[in-house]
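Open the model in a viewer and keep the sequence at hand. The tour below goes from one selection to the next.

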Amino acid sequence: QKEIEKLEETPEDERSRTDEARLSAYKSQLEVFENAQTQTAEVDIESRLPRLMSITAIAATDRDVFVSCRSLKGHGYTIWRTDHSFENAEAVKTGVGGCCGQMDLQCQDDNLIIAENTSFKVGIYDRDGESLGGFGKRDRSSKSGFGSCCNPMNVRPLPDGSLVTAESSIGHIKRFDQEGHLLSYVG
């Protein structure tokens, strides 16, 4: 727009053929840009809406329901806490990384257990999203590490307090205590 305005300051009968060609090209480029902006905004909203509305996990305790969905702003996922009537929603954890449309969470007692697959760890949080600990590291050579891309994908608490993790693509299933010590390699 600034280049167009600068060229239009010169009276039309005093512009060179080069100036006229540049002015015409700038106007065409501006028109294409404005059309692309409008179309991109419309497509972006329509294409993102179903993804933003998808729920990747739901878990409950005796007093809360936790739901994981894509963050409305930026990247990652937001963990919401509601009551059992799905009212009084509050975002308790934002910006949680996830891969391949996957963000798994579970509950154990009043705590959240999150398979933070882009961090190669299991996160343990209180009901307000405050960290209580966690474990894990990217390591393709040891049985206690998480290999491949973006693992663990799933986590499940067991009645004895241990946690079972599942890794995509390589299919490893492992059982850990809450401090992250490998208890058994299931398969």
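Strands here are DSSP runs of E with at least two residues, numbered from the N terminus, while helices are runs of H or I with at least four residues. The model is predicted, so local features need pLDDT of at least 70 and side-chain atom pairs count only at pLDDT 80 or more, whereas totals for chains, interfaces and linings use all residues. Residues are numbered from 1 along each chain as its sequence is written, and side-chain values use heavy atoms, with hydrogens and water left out.

Select Phe120, in the loop between strand 6 and strand 7 (121–125). Phe120 is not a glycine, yet its phi is positive, near 55 degrees. Its relative accessible area is 9%, so Phe120 is buried (buried is under 20%, exposed over 50%, partly exposed in between; 1.4 Å probe, protein chains only).

Next, go to Asp109, in the loop that links strand 5 (104–108) and strand 6 (111–116). Asp109, also not a glycine, has a positive phi of about 60 degrees. Asp109 counts as exposed because its relative accessibility is 69%.

Move on to Pro152, located in the loop between strand 8 (131–135) and strand 9 (154–157). Which type of peptide bond joins Asn151 and Pro152? The bond is cis, with omega about 5 degrees.

Finish at Ile55, in strand 1 (residues 55–60). Ile55 is exposed, because its relative accessible area is 55%.
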